[in-house]
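Please open the model in your viewer and keep the sequence panel beside it.

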Amino acid sequence: MRTCRAAAAGKFTVVLATLMLVAACGSSGPSPRAWAASVCSALTPWRAEISKLTNSTDQQMTAQTTPAQAKENLVRLFGGAEQASETARRKVEQAGVPEVEHGEEVSAGFRASLASMRDAYGRARTTIDGLGTGEASVFYDGVRDAVETLQQEYDASALDTSRLDSEELKRAFDEVPECR
């Protein structure tokens, strides 16, 4: 009976040690280079989409369309920007926390910035969706106000990798091909 208990205790110790090792390995985040590559891979299509949407918005502001057509197009465009921002935020979240000092803070900063941008686009979409289209000048004044507010909120939440506290991450963002 003692032999069975000793053998069971030995097996339990091996299983426990293995679980601790696996847990320790699983808890470490990606390297700075891997994290930067993931983040840039998330942000590249987002930037392209935002650029495309910005150009489309500019065209809508100068196009000879009815207020109702402009409203429909702008609501769709800002909704697309809102969704693109959320997609990028989720991908940054999926990238995990970089294996650097204050990695959680850095990752949280990126996610918060994208969430702020997402929310700014959502507010602009909601504002424009609430505008009446009966009087063109009133509608376009409302659009201009919404776009100005969006621009202020967007500028306030802009991503800036130069403000990272980690030299390792700064270097990684400068070096990985996904960030060029």
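## The whole chain

Begin with everything selected and coloured by accessibility: of the 180 residues of the protein, 33% count as buried. Keep in mind throughout that this is a predicted model. If contacts are drawn between residues at least 6 apart in sequence, 77% of them join residues at least 24 apart.

## The disulfide

Next, select Cys 40 and Cys 179 and show their side chains. These two residues form a disulfide, with their sulfur atoms 1.9 Å apart, and the count for the model comes to one disulfide. The link of Cys 40 and Cys 179 is right-handed, with 100° about the S-S bond. Because Cys 40 lies in helix α2 (residues 32-62) and Cys 179 in the segment after α6 (167-175), the pair ties together parts that are 139 residues apart in sequence.

Are the two cysteines buried or exposed? Cys 40 is buried, at a relative accessible area of 6%, whereas Cys 179, at 23% relative accessibility, counts as partly exposed.

Now move to Ser 41, which is also found in helix α2. Ser 41 is partly exposed, with a relative accessible area of 39%. A distance drawn from the C-alpha atom of Ser 41 to that of Pro 177 reads 9.8 Å, although these residues are 136 residues apart along the chain.

## The nonpolar core

Select Trp 35, Val 39, Trp 46, Phe 110, Ile 128 and Phe 173, which are the residues with the most contacts inside the largest nonpolar core, a set of 38 residues. Helices α2, α3 (67-94), α4 (103-129), α5 (136-156) and α6 each supply at least two residues of this core.

Centre the view on Trp 35 and display what surrounds this residue. Leaving aside its neighbours within four places in sequence, Trp 35 is in contact with Pro 30, Ala 95, Gly 96, Val 97, Pro 98, Val 106, Ser 107, Phe 110, Leu 169 and Phe 173.

## α3 against α5

Hide the rest and keep α3 and α5, whose axes come within 10 Å and cross at roughly 15°. The two helices are therefore roughly parallel to each other, and α3 passes α5 in a left-handed crossing. On the α3 side, the contact is made by Pro 67, Ala 70, Lys 71, Leu 74 and Phe 78, and on the α5 side by Ala 136, Phe 139, Tyr 140, Val 143, Val 147 and Leu 150.

While α5 is displayed, pick out Ser 137, which lies in this helix and, at 43% relative accessibility, counts as partly exposed.

## α4 against α5

How do α4 and α5 pack, and at what angle? Their axes are 9 Å apart and the angle is about 175°, which makes α4 roughly antiparallel to α5. From α4, select Met 117, Ala 120, Tyr 121, Arg 123, Ala 124, Thr 127 and Ile 128, which meet Val 143, Ala 146, Leu 150, Glu 153 and Tyr 154 in α5.

Conventions: Residues are numbered from 1 along each chain as its sequence is written. This is a predicted model: local features need pLDDT of at least 70, side-chain atom pairs count only at pLDDT 80 or more; totals for chains, interfaces and linings use all residues. Side-chain values use heavy atoms; hydrogens and water are left out. A disulfide is a pair of cysteine sulfur atoms within 2.5 Å. Helices (H or I, at least four residues) and strands (E, at least two) are DSSP runs, numbered from the N terminus. Buried means under 20% relative accessible area, exposed over 50%, partly exposed in between (1.4 Å probe, protein chains only). A nonpolar core is a set of buried Ala, Val, Leu, Ile, Met, Phe, Trp, Tyr and Cys residues joined through side-chain atoms within 4.5 Å. Contact means heavy atoms within 4.5 Å. Axes are lines fitted to C-alpha atoms, for helices over the stretch in contact, and angles run from 0 to 180 degrees between N-to-C directions. Angles under 35 degrees count as roughly parallel, over 145 as roughly antiparallel, 65 to 115 as roughly perpendicular and the rest as oblique. A crossing is left-handed if the near helix is turned anticlockwise from the far one by less than a right angle, and right-handed if clockwise.
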